[in-house]
Structures are given as structure tokens and as C-alpha cells.
Amino acid sequence: MQKKIADLLSAKGIQFISTIEHHQILSSTNDRVKEIFQTTVSSNSEFALKTLPCLVLADEQTAGRGRGGKLWWSGRGALLFSLGIELSSFSLTRNDLPRLSLATGFAVLQTIRPVLPSEFRVGLHWPNDVYIDDKKICGILIESPKPNLAVIGIGINVNNRFCDIPKDFQSEFENRPITSLIEIVRKKTDALEVLACFVRNFQHHIENCFFSDAWLQEAEASCIQVGRDIRIRQDARWIRGHCLGIAPDASLLVRTESGTETVQSGIVQ
Ligand code: BTN
């Protein structure tokens with residue numbers, strides 16, 4: 001499978017990834033990238049340059065994680081992968097992570113949009129989820145175990161169906177509806193094609209337009225919270241207000257009773 005992915009990327013002229021791992025089953029692709037980092041970091045940076053960016057893909061995860069400590073539905077058919085990058089290779093620092101997170105969501109959105117029938121609306125749900133109409137199709141978990149390293153974990157519901165989720169886990173989604181490509185297009189989609197298309201879009205963002213604001217305006221235009229009344233949970237605090245847009249540092253601008261707040265993190269409901 002590793003060779004198949006490498007051949008597919010190279011046939012499409014994508015030379016972004018240095019190492020590829022495919023596993024039938026893993027606890028979490030993010031955790032596997034962190035293990036790779038441990039080897040990389042204990043060696044010199046020349047080795048890091050050869051190994052990273054790395055791509056770890058799994059058919060199934062036994063402990064897939066989402067933001068806020070939530071479990072991530074990781075059954076067969078889902079596209080589950082993580083990228084490991086050295087931030088300085090792209091002139092980035094940890095301060096750029098919020099923007100990287102939004103750019104990753106935007107790259108997924110650009111990947112999914114062409115596959116969808118025109119009557120479906122794909123949108124960004126800040127900070128980085130991708131929704132089709134009001135249902136989540138992709139979640140992204142970015143972690144930075146060392147200052148110069150980032151794990152970008154992505155779960156896209158491609159050929160997995162809600163009805164396949166174990167019954168005792170289905171109640172998790174009562175208040176946060178989810179969907180998958182197969183439920184929308186009603187036929188299987190080649191998940192490796194989706195992966196290759198994402199890698200191309202992601203590479204384009206991180207290498208060519210990360211520091212320009214043009215994509216940010218497009219991202220803002222596709223953000224489904226903009227123009228809506230929203231509430232954001234930050235630990236025990238709730239912020240309620242009208243979503244005005246996305247700031248250049250990728251934070252959310254919210255008009256509240258006490259003025260405009262720049263929200264850097266939180267779960268939007
Ligand atoms: C979220 O929406 O809360 C983020 C979900 C991220 C899930 C992906 S699946 C691949 C990678 N491995 C993990 O354990 N999590 C991410």
C-alpha cells in the first residue's frame with residue numbers, strides 16, 4: 001500500500017511527502033507520527049529533513065482522538081491520516097498553528113467540493129472542521145509535541161456510514177450530526193484519490209500562499225458561522241454573540257454585548 005500511495009503521488013507530480021507508512025490498524029495516526037518524531041528529534045536535522053514531511057495512514061484506529069478529548073469515529077472506509085512536519089522547513093513557528101489549522105481545513109474543503117453534486121454546500125466550521133450543509137464530514141486535530149514539530153491529523157468520512165457506528169457510540173452524535181461522502185454521492189469514492197488531492201492542495205497552501213491573505217478571504221466566505229449568532233465554549237466560559245468574520249491570525253471575530261472579541265480557541269455551538 002505504501003508503494004501504491006507513493007506511485008499515485010508521484011504520478012500526479014506531488015513530491016511533498018518524504019516518508020509514507022500505511023497500517024491496517026493503529027491506535028491513532030497522530031500518536032504514530034509522534035513516535036516517528038522521537039526518532040527524528042533525537043537525530044540531527046539532516047535526518048529530519050529526509051524523513052519529514054511524513055504521512056501515516058490507517059484503515060482503522062482503536063483510539064482515534066478528536067479535539068477537546070472527544071473520541072473520533074474511526075471505522076473502516078474512513079480516510080484517517082496524519083502528516084508530520086517540521087515547522088521551520090516552511091518558515092512557520094508555533095504562532096502560525098491557528099492559521100495552519102484553518103488552512104488545513106480549507107485544503108480539505110477544496111478537495112471535497114469538486115466531488116459533490118452541486119446542490120450540496122460545503123463549508124468551513126471554524127476553527128477547522130468541514131461540513132456539508134449542517135453535518136460534519138471532516139475533523140482535524142493539530143498537535144505540537146515539540147516547538148518546531150506539528151502533527152496534522154485528519155479524519156474524512158469517505159466510505160464509512162453512520163449506520164455502521166456501534167449502537168452505544170451513536171448517541172455521541174445526537175447533537176453533532178455527521179455525514180460521509182458515500183451517504184451523499186451514493187457510491188464509493190476512491191479514498192486514495194481524495195488523499196492525493198488533499199496533499200496537493202495542502203502543499204500549495206503551505207508553500208505558496210500561507211502568508212498571503214487572498215485564501216483567508218475565501219476561507220472566510222466559506223465559513224458557515226460568519227453572519228450567524230453563535231456561542232463558543234472555552235472551558236467553563238461561554239461567549240455569545242454575532243460572528244463577524246475571521247481575523248488575519250485565523251481567530252474568530254465575534255460581536256458580543258461588551259464589544260468585538262477576538263476568539264482564538266473554543267468549541268462553537
Ligand atoms: C475533531 O474534529 O475533533 C478532530 C478529529 C481528528 C481525527 C483524526 S483521524 C486521524 C488522526 N488521528 C487521530 O487520533 N485523530 C486524527
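**Ligand site and backbone features of the predicted model**

An oxygen atom of the ligand lies 2.6 Å from an N or O atom in the side chain of Lys 136. The protein covers 98% of the 420 Å² of accessible area that the ligand has on its own. These values come from a predicted model.

Gln 61 uses its side chain, where a polar atom lies 2.9 Å from a nitrogen atom of the ligand. The shell around the ligand holds 20 residues. Those that come nearest are Ser 28, Gln 61, Arg 65, Arg 67 and Lys 136. By type, the shell divides into 10 polar, six nonpolar and four charged residues.

The ligand sits in the largest pocket. Helix H2 (29-41) supplies at least two residues of the shell, and so does each of the strands E3 (79-86), E6 (135-146) and E7 (149-156). E6 gives the largest share, with four residues.

Helix H7 was examined next. It runs over residues 191-209 and has 19 residues. From first C-alpha to last, H7 reaches 26 Å. That is close to the 27 Å expected at 1.5 Å a residue. In an α-helix there are 3.6 residues a turn, so residues three or four places apart point the same way. At the start of H7, a side-chain oxygen of Asp 190 comes to within 3.0 Å of the backbone nitrogen of Leu 192.

Most peptide bonds are trans, and most residues other than glycine have a negative phi. The peptide bond from Leu 52 to Pro 53 is cis, with omega near -5 degrees. Pro 53 lies in the loop that joins helix H3 (45-51) and strand E2 (54-61). The peptide bond from Trp 126 to Pro 127 is cis as well, with omega near 10 degrees. Pro 127 is found in the loop between strand E4 (122-125) and strand E5 (129-132). Asp 133 is not a glycine, yet its phi is positive, near 50 degrees. Asp 133 is placed in the loop between E5 and E6.

How values were computed: Residues are numbered from 1 along each chain as its sequence is written. This is a predicted model: local features need pLDDT of at least 70, side-chain atom pairs count only at pLDDT 80 or more; totals for chains, interfaces and linings use all residues. Side-chain values use heavy atoms; hydrogens and water are left out. A residue is near a molecule or strand if one of its heavy atoms lies within 4 Å of it. A polar contact is a pair of N or O atoms within 3.5 Å; within protein, one must be able to donate a hydrogen and the other to accept it, and residues adjacent in sequence count only if both atoms are side-chain atoms. Accessible areas come from the Shrake-Rupley method with a 1.4 Å probe; for residues, only the protein chains shown count as cover. On a 1 Å grid over the protein atoms alone, a cavity is a set of points where a 1.4 Å probe fits but cannot get out, and a pocket is an open set with protein on both sides within 12 Å along at least five of seven lines; lining residues have an atom within 4 Å of a point. A molecule sits in a cavity or pocket if more than half of its atoms lie within 2 Å of its grid points. Ala, Val, Leu, Ile, Met, Phe, Trp, Tyr, Cys and Pro count as nonpolar, Asp, Glu, Lys and Arg as charged, and the others, Gly among them, as polar. The expected span of a helix is 1.5 Å times one less than its number of residues.
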